Amino acid sequence: IDKVTSARVFREYFANPFALDTGPIYFRQRYGDVEFFVIDTRYFRSDLTKPKPPEPNMLGDKQTAWLLDALEKSTATFKIVVSGSKYTPASGSDKAWGEFQFELGKLYGALDTRKIAGVVFASGGAHHSEIRTIKRPKGYPITELVASTLSASGSTCPDPKDSTDAYKLERCAGAIDLTKEM
């Protein structure tokens with residue numbers, strides 16, 4: 001199935017009023033002082049099965065511009081950027097951001113130059129759940145909340161290529177509980 005058909009079927013099955021009508025599926029939703037920015041990490045992703053491009057792309061120019069502008073304009077204290085792919089490298093996986101370090105570096109640089117504070121990453125695509133701290137060369141460290149599928153085994157095997165601080169969780173699912181104070 002091509003990506004246009006996949007996106008159409010997704011919209012029909014998950015009727016999300018905040019998603020765009022056509023093309024990639026990304027949107028934002030605010031709840032109290034927390035704003036979620038859900039990004040589409042599949043629609044524009046460079047094909048890594050062919051000769052790898054010098055600067056592989058995960059989000060595409062239009063979605064990247066939307067994300068950075070939306071983060072900069074947000075007045076929420078916490079800005080949670082939600083990705084179906086882990087931001088930290090995953091050993092042997094072309095589905096994590098590890099293969100897209102150039103683009104991730106641009107995102108980190110924009111957070112710094114635009115002075116965007118309060119960013120937290122939430123991701124999936126792993127076979128375990130964990131809380132990670134991403135230490136960047138410049139700027140504040142970013143917390144990544146990783147949730148696996150419900151059917152994952154909950155493996156706690158460390159990744160030898162991992163350079164982040166990580167706390168592995170016993171359960172394989174995660175939830176973010178927000179209480180809106182009136």
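Visitor: What covers the buried residues of helix 2?

Guide: In this predicted model, the cover over the buried residues of helix 2 includes strand 1 (27–31), strand 2, strand 3 (78–83), helix 3 and strand 4. The residues of helix 2 that count as buried, each with under 20% relative accessible area, are Gln-63, Thr-64, Leu-67, Leu-68, Ala-70 and Leu-71.

Visitor: Why are the buried residues of helix 2 said to line one face of the helix?

Guide: Viewed down the axis of helix 2, its buried residues fall within an arc of 165 degrees, so they line one face. In general, an α-helix has 3.6 residues a turn, so residues three or four places apart point the same way. On the face of helix 2 turned away from the buried side sit the exposed residues Asp-61, Lys-62 and Lys-73, where exposed requires a relative accessible area over 50%.

Visitor: Which residues of helix 3 are buried, and what do they pack against?

Guide: The buried residues of helix 3 are Glu-103, Leu-104, Leu-107, Tyr-108, Ala-110 and Leu-111. Seen down the axis of helix 3, these buried residues fall within an arc of 160 degrees, so they too line one face of their helix. They pack against helix 2 (61–73), strand 4 (119–123), strand 5 (129–134) and strand 6 (142–146).

Visitor: What makes helix 2 and helix 3 roughly parallel to each other?

Guide: Their axes come within 11 Å and cross at roughly 25 degrees; angles under 35 degrees count as roughly parallel, and the two helices are therefore roughly parallel to each other. Helix 2 passes helix 3 in a right-handed crossing, and in their contact Thr-64, Leu-67, Leu-68 and Leu-71 in helix 2 meet Glu-103, Leu-107, Ala-110 and Leu-111 in helix 3.

Visitor: What is the phi of Lys-115, and why is Lys-115 called exposed?

Guide: Lys-115, which follows helix 3 and lies in the loop between helix 3 and strand 4, has a phi near 55 degrees, a positive value in a residue other than glycine. Since the relative accessible area of Lys-115 is 72% and exposed means over 50%, the residue is classed as exposed.

Visitor: Why is Val-38 called partly exposed?

Guide: Val-38, whose place is in strand 2 (residues 34–38), has a relative accessible area of 22%; buried would require under 20% and exposed over 50%, so Val-38 is partly exposed. Neighbours within four places in sequence being left aside, Val-38 is in contact with Ile-25, Tyr-26, Phe-27, Trp-66 and Val-82. The C-alpha atoms of Val-38 and Val-82 are separated by 4.7 Å, although these residues are 44 residues apart along the chain.

Visitor: How many helices and strands are there in the chain, and what share of its residues is buried?

Guide: The chain has three helices and seven strands, which run α-β-β-α-β-α-β-β-β-β from the N terminus on, and 38% of its 182 residues are buried. Of the contacts in the chain with a separation of 6 or more, 59% are accounted for by residues 24 or more positions apart.

Notes:
Residues are numbered from 1 along each chain as its sequence is written. This is a predicted model: local features need pLDDT of at least 70, side-chain atom pairs count only at pLDDT 80 or more; totals for chains, interfaces and linings use all residues. Side-chain values use heavy atoms; hydrogens and water are left out. Buried means under 20% relative accessible area, exposed over 50%, partly exposed in between (1.4 Å probe, protein chains only). Helices (H or I, at least four residues) and strands (E, at least two) are DSSP runs, numbered from the N terminus. The arc is that of the directions from the helix axis to the C-beta atoms. Contact means heavy atoms within 4.5 Å. Axes are lines fitted to C-alpha atoms, for helices over the stretch in contact, and angles run from 0 to 180 degrees between N-to-C directions. Angles under 35 degrees count as roughly parallel, over 145 as roughly antiparallel, 65 to 115 as roughly perpendicular and the rest as oblique. A crossing is left-handed if the near helix is turned anticlockwise from the far one by less than a right angle, and right-handed if clockwise.
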